[in-house]
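Biologist: Good morning. Could we go through this structure together, starting with how its strands are arranged?

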Amino acid sequence: MGEKIRWGLMGAGAILERWMQGAAQVPDMEIAAVASRTQESARRAAGRWKIPKTMTYDEMIHDPDIDVVYVPVPHTQHQELSMKAMENGKHVLVEKSAGISASQFQKMAECARRHNVFLMEAVWTRFFPIMDTVLTKIKEGEIGDVRHVQAAFSFRVPDDCTSRLVDPDRAGGGLLDVGVYPLHLARMIYGRAPESITGLCAMNTDGLHLQVDEQASFVARYDNGALATMSCGIRTQMLDTAFIYGTRGYMILPVFWKPTRVTIVTGGRTEVIEQKVSQTVPGAEDEGYQYEIAYVNDCIRRGVKESPLLPFAETMDVLNQTDRLRRDWGIRFPQEM
């Protein structure tokens, strides 16, 4: 195995509570340090997960003992922190959405190529074992030609919510937070971008007067007439089951954004395949983050700079779609002014 891959955490937000459970399952890595906007939050995170060092962002990107950084901060900081890290020779796993726009990610990808480092958007869904099963079954024609993908990811934040989700200055709203999940799923299933996408969103519809997309539905059409119907939101609870309809049958993916089971129905035959998340470390109940982490480590060890499973073009395809939808909805973030 060789020496462990040394990770730095560029952010100490709530997602670390879950992501670190996955990191605990990966034996060939160590969390060397954590950085945050404030030293207080960095110290709290270090104490919670027994991380040996706390740093500022600037100290982390210049630390020679860190190989790769994970960037789990608000979307509006993804480009700046990722590029600073890459400019100083660090590999980067950046949370989704990778940027607030396709143009931001284009600059990030160019930076990765220029400095010969690994960069990937943290679309953890792609790395669950069941997704390989789903894509293989589709490729083999198990349900015929796919004609329709249907998926939603939406939840309701409380009325007293003050997080980035409701803040337009931090690129809040449902689309960039959870809407990218059904968009990425459709991109995985069809293997290409749609020829067009259109949709509607709701804003400022209740007492909170939110100036972000509270909920939205959108439809993508592909060159062969296939469709994807998708929904997302932060003020409406929806069922997060995906349906993949083909000419010979269909698939059902419960909790599609962290999938462990697929039901395949073809004619009178029903097959259920389950691939649970392996738990090798007692007390660390991982939801499946270990798969993307282990994949990044493997890419770094093999000298791979762009993921063949989640290449830059795939992230660009999804961000081009979110750009188009936001233009139609009249949503423009302050950072784009």
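Biologist: How many bridges join strand β7 to β10, and do the two run parallel or antiparallel?

Modeller: Please keep in mind that this is a predicted model. Seven bridges join β7, residues 146-154, to β10, and the two strands run parallel. One of the pairs is Gln150 with its bridge partner Thr229 in β10. Phe153 of the chain stands opposite Cys232, again a residue of β10.

Biologist: What joins β9 to β10?

Modeller: Strand β9, residues 215-221, is joined to β10 by seven bridges, and this pair runs antiparallel. Here Ala216 stands opposite Cys232.

Biologist: What holds paired strands together in general?

Modeller: Strands of a sheet pair through backbone hydrogen bonds, either parallel or antiparallel.

Biologist: Why is β10 described as largely enclosed?

Modeller: Strand β10 covers residues 227-233, and five of its seven residues are buried, so the rest of the structure largely encloses it.

Biologist: In what order do the strands of the open sheet lie?

Modeller: The open sheet has eight strands in the order β8-β9-β10-β7-β11-β12-β13-β14, and its pairing is mixed. At the edges stand β8 (196-202) and β14 (269-274); each has a single partner strand, so one side of each is left without a neighbour in the sheet. From one strand to the next, the twist averages 10 degrees.

Biologist: Which strands does helix α7 lie across?

Modeller: Helix α7, residues 174-190, lies across β7, β8, β9, β10, β11 and β12. Its direction is at about 160 degrees to β10.

Biologist: And which strands does α6 lie across?

Modeller: Helix α6 lies across β7, β11, β12, β13 and β14, and runs at about 170 degrees to β12. Thr133 has its place in this helix, which spans residues 129-139.

Biologist: Is Thr133 buried or exposed?

Modeller: Thr133 has a relative accessibility of 19%, and buried means under 20%, so Thr133 counts as buried. Leaving aside neighbours within four places in sequence, Thr133 is in contact with Ile273 and Gln275.

Biologist: Now to Arg221. Where is it placed, and what does it touch?

Modeller: Arg221 is in strand β9. Not counting residues up to four places away in sequence, Arg221 touches Pro194, Glu195, Ser196, Ala226 and Leu227. Arg221 counts as partly exposed because its relative accessibility is 42%. Its C-alpha atom is separated by 17 Å from that of Gly179, which is 42 residues away along the chain.

Biologist: Changing topic: how much space lies in the largest pocket?

Modeller: The largest pocket holds about 980 Å³ of space. Its lining has 31 residues, and those nearest the centre are Gly13, Ala14, Ile15, Pro72 and Arg164.

Biologist: Which helices supply the lining?

Modeller: Helices α2 (39-49), α4 (75-87) and α7 each supply at least two residues of the lining.

Biologist: Is α9 mostly covered or mostly open?

Modeller: It is mostly covered, as 13 of the 18 residues of α9 are buried. Just after α9 comes Gly330, with a positive phi of about 75 degrees.

Conventions:
Residues are numbered from 1 along each chain as its sequence is written. This is a predicted model: local features need pLDDT of at least 70, side-chain atom pairs count only at pLDDT 80 or more; totals for chains, interfaces and linings use all residues. Side-chain values use heavy atoms; hydrogens and water are left out. Buried means under 20% relative accessible area, exposed over 50%, partly exposed in between (1.4 Å probe, protein chains only). Helices (H or I, at least four residues) and strands (E, at least two) are DSSP runs, numbered from the N terminus. Two strands pair if DSSP finds at least two bridges between them. Contact means heavy atoms within 4.5 Å. Axes are lines fitted to C-alpha atoms, for helices over the stretch in contact, and angles run from 0 to 180 degrees between N-to-C directions. On a 1 Å grid over the protein atoms alone, a cavity is a set of points where a 1.4 Å probe fits but cannot get out, and a pocket is an open set with protein on both sides within 12 Å along at least five of seven lines; lining residues have an atom within 4 Å of a point. Grid points are joined across faces, edges and corners, and a volume is the space filled by probe spheres set on the points.
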